[in-house]
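Welcome! Have a look at the structure before you start.

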Amino acid sequence: MVTGNAFRWQKGTKKIFEQISDKHASKAGAKIIEKSPKNSHKKYTTWQTESIFKSQIKQRLDFLLEFSSDINDFKEKAAALQLEVNFSGKWATYRLLDQPQIKNTRGRSLSKNNPEKYNLSNIKEQLKENNVKITVDEVLERYDEKIDIVKQDFDYQVTIENWQVDHKTEKGYYLNVDFGTANHGQIFIGAYKIDQLENGDYQVYLKKKDFFHFMNQKDSTRSRYIDGETLVRQLSLYNGTTPLKKEPIISTINEIVDAINFLAEHGVTEGSQLKQMETNLYDALDEAQIKLDKIDEKILELTQVAKYLIAKTSDDPDEVHEAQTALDNMNVNSDLKYRDIQQELSSEKLGRKILKNKFDQTVSEINQFNEIKAINIEDFKEKSGGKFL
């Protein structure tokens, strides 16, 4: 009615209009139609088995391999974690009993590099390395804690103000976002990714590879998908805040330290299992040091870019030309603004500070542990309450 053009129904059109419909329905308080898979049941269950269920099965198996003492213990704890195990055939098969999984998943499909990893013979060999004794109840509690940690993991944390929230639903929030010139719209973020603060602001936790659909409120042709990294930049530019960039290696270090402490609490003070975790921790610290060096290089590069961008505003034509040449040699986008660089620089420095603190703290705790361990491991256990780190 506005342009005279014919409406085009393309791949993805249905999904886009469903999202737009859900946005308006949630704002008006109308019921949102739940999607039903019954019209394509075979395709839907195949997709479930090959994607969502695989990752959940693998997660539970890796956990069981770490905290089972033998194959019978493995089976008992698998049942407690609602994982059906079948070793009767050539290939082990698994099925999640707490999920609507219909078709079993073969163990060989869970690891491309090592198809035998989750087969019976390999599982028995891996369990021989374990000497930890924990009960089924402790396994359930431990697994629930680990799942909570995974859900809470993030790459970026950014603060947004109340006016940036268009409206809230039971499932999440619709945020106001500007994407480019005169391109205003909303994106939806699940409630589990947002915490409301006491002052009325919100903390948003995002992963780099998260994807969101930006819905232009007046022109659907300008709608598009944006990743988590881009969204963080847009949200923080909107209110001038500096996003916190969390390095993934921090989560790795936390998980390893947590696992070592757990073994210590259950009397495991030596053996190949503990040694392997200590090796993993040292490897993670090496990786953290490499990352710190790369961040330092990035900070130096951003500082130079900022310097040249300032020089471009000079009244001296030679200085402007020299600055532009330097920026071209560095392959800097001509649309890049000084405020963009300053925001990225602040984010990198903040992320570096947090990673460096975690690195120094872990190294200090390792050194303390090794010193006390060399004198008297029993003394150490008594003083530390059974924790290594």
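**Exercise 1.** Find where Asp155 sits, decide whether Asp155 is buried or exposed, and list its contacts.

*Solution.* Start with the position: Asp155 belongs to the loop that joins helix 5 (136–152) to strand 4 (156–160). Helices (H or I, at least four residues) and strands (E, at least two) are DSSP runs, numbered from the N terminus. This is a predicted model, in which local features need pLDDT of at least 70, side-chain atom pairs count only at pLDDT 80 or more, and totals for chains, interfaces and linings use all residues. Residues are numbered from 1 along each chain as its sequence is written, and side-chain values use heavy atoms, with hydrogens and water left out.

Next, check accessibility. Buried means under 20% relative accessible area, exposed over 50%, and partly exposed in between (1.4 Å probe, protein chains only). Asp155 has 12% relative accessibility, so Asp155 is buried.

Then look for partners. A polar atom of the Asp155 side chain lies 2.7 Å from the backbone nitrogen of Lys208. Leaving aside neighbours within four places in sequence, the contacts of Asp155 (heavy atoms within 4.5 Å) are Leu206, Lys207, Lys208, Leu244, Lys245, Lys246 and Pro248.

**Exercise 2.** Work out how the rings of Phe7 and Phe17 are arranged, and which parts of the chain they tie together.

*Solution.* First, the rule: rings of Phe, Tyr and Trp (its six-membered ring) pair if their centres lie within 6.5 Å; planes under 30 degrees apart count as stacked, over 60 as edge-to-face and the rest as tilted. The structure holds seven aromatic pairs. For Phe7 and Phe17, the centres are 5.7 Å apart with 75° between the planes, an edge-to-face pair. Phe7 is in the segment before helix 1 (13–28) and Phe17 in helix 1, so their pair ties together parts ten residues apart in sequence. Phe7 is exposed at 56% relative accessible area, while Phe17 is partly exposed at 36%. Finally, ring pairs link Phe7, Trp9 and Phe17 into a cluster.

**Exercise 3.** Classify the ring pair of Phe63 and Phe67, and locate both residues.

*Solution.* The ring centres of Phe63 and Phe67 are 5.0 Å apart and the planes stand at 50°, so this pair is tilted. Both residues lie in helix 2 (residues 41–67), four residues apart, about one turn of the helix. Phe63 and Phe67 are both buried.

Conventions: Polar contact = N/O pair within 3.5 Å; in protein donor to acceptor, adjacent residues only side chain to side chain.
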